[in-house]
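Hello! Here is the structure I promised to hand over to you. Please open it first, and then read on for what was found in it.

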Amino acid sequence: MTAVVLAGLEPAAGAGEVAGASAVLDAIGLRAMRRVLGPEGRFDGAAPRHEPLLRRWRVALASPPERQPVDPREEDAALEHAYAQLGFRPRMAQFHRAALAVLPALLRDEISLHRLLFGEGDVLEALAAYQSGLVTRALNRALADTVAGLADGRRTPLHVLEVGAGAGLTTDAVLAAVDDRVDGHAVDYRVSDLSAVFTQDALVRYRGRRGLRADLVDLDRDLPAQGVPAGSVDVLVAGHVLHNAVDLPWTLRALRAALGPGGVLLFTESVGEPPAVLTSMSLLLSPAPGRAGAGSGDGRLAADRLFPDLPGWARLLEAAGFAAPALAPEPGSALARSLAPAGQYLFATTVSGR
């Protein structure tokens, strides 16, 4: 497998600025949690589907990360500046500011977070704003370069399946790297998502590209029944989506079964929920009434930790039949320590025992 190397950060925003900006956003998120929960840590009237989120708030408040002091009078300006330092589009700061202003109503389901985030505008544009941060882009480049390296020199096409493609930022990075380094025809790329909104966009965006398909694939359902036979995939790509699984161990075993001999799983993931995320995008993880939520089938929801830590991911992968993962940034490195507040990594692993 091609070595995993984290692409360099943009010169305009180094690792130190990432750490500082993340700390600012977390301080703002913690303050918002305390304001909503009050001194007794209670909140009355929350919709039942948001109760697990409130429990995760209490966990975060019990052991808060190192904070960056933020003057409440300058909170709006600090929030916008921090998101800009992290490379996000302005829309992300606007959304988080709007969510903070109505958190109690969001928790009671008096206001729809989807409407707050997406409004009447483009769903794809709004989601891309969330996925456009500096760290995510760097990890996507490293993932994309790894896929291109695996395709380089092959005699037969590399069969790639991307799951949970969403707004397509990971897809864009991979296809650009493939086009830059190898003949694009050397890769058979199948992009998939749970929602037809994203797969239809992919069909339009990549119209005419040879070897590219777009299909609906639900990671919580049997993959062969959805047109993904066992052993049919060379490389599986997942950009910040595996944590959404209802039963993560089951989903990882299903992904392993889809890979052929020497198959590679490449995925980006968070290893925690920073306070900033807990007061914004984490609200989207609360399941719709009557539906199973992320982690409800494997104990993560009950344990108030939807995102496994690094040792937890290693254990899950091993139990599912994968080798110990390579990681970017390398744990313990200066870059990893600087990016720790962002809590994101690229995992690269192969099937074991085949």
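Let's begin at Gly87, which comes after helix α3 and has a positive phi, near 85°. Helices here are DSSP runs of H or I with at least four residues, strands are runs of E with at least two, and both are numbered from the N terminus.

Before going further, a word on what you are looking at. This is a predicted model, so local features need pLDDT of at least 70, side-chain atom pairs count only at pLDDT 80 or more, and totals for chains, interfaces and linings use all residues. Residues are numbered from 1 along each chain as its sequence is written, and side-chain values use heavy atoms, with hydrogens and water left out.

How confident is the predictor? The pLDDT gives its confidence in each residue, from 0 to 100. The protein has a mean pLDDT of 89, with 91% of its residues at 70 or more. Among its elements, helix α11 (residues 248–258) has the highest mean, 98, while helix α7 (residues 123–130) has the lowest, 68. Residues 9–13 have a pLDDT below 50, and this stretch makes 12 contacts in the model beyond near neighbours in sequence. A contact means heavy atoms within 4.5 Å.

Now back to α3, which spans residues 75–85. Which of its residues are buried? They are Glu75, Ala78, Leu79, Ala82 and Tyr83. Buried means under 20% relative accessible area, exposed means over 50%, and partly exposed is in between (1.4 Å probe, protein chains only). On the face of α3 turned away from the buried side you will find the exposed residues Ala77 and Ala84.

Next, the interior. A nonpolar core is a set of buried Ala, Val, Leu, Ile, Met, Phe, Trp, Tyr and Cys residues joined through side-chain atoms within 4.5 Å. The largest one has 74 residues, and Trp57, Val147, Tyr189 and Val235 have the most contacts inside it. Helix α1 (residues 15–37) gives the most to this core, 11 residues. Apart from it lies another core, of 30 residues, including Ala245, Ala254, Phe322 and Leu327.

Tyr189 deserves a click. Leaving aside neighbours within four places in sequence, its contacts include Val160, Glu162, Leu175, Leu212 and Val237. Then try Leu150, in helix α8 (residues 134–151). Leu150 counts as buried because its relative accessibility is 18%. Leu150 and Val235 are 85 residues apart in sequence, yet their C-alpha atoms are 8.7 Å apart in space. For another residue in a helix, look at Ala176 in α9 (residues 169–181), which counts as partly exposed because its relative accessibility is 46%.

Finally, some backbone details to look up. Most residues other than glycine have a negative phi, and most peptide bonds are trans. His240, in the loop between β4 (233–239) and α11, has a positive phi of about 50° although it is not a glycine. Asp304 is not a glycine either, and its phi is positive, about 60°; Asp304 lies in the loop between α12 (275–278) and α13 (310–320). The peptide bond from Ala328 to Pro329 is cis, with omega near 0°. Pro329 is in the loop between β6 (326–328) and α14 (334–339).

Enjoy exploring!

Technical notes: pLDDT = per-residue confidence, 0-100.
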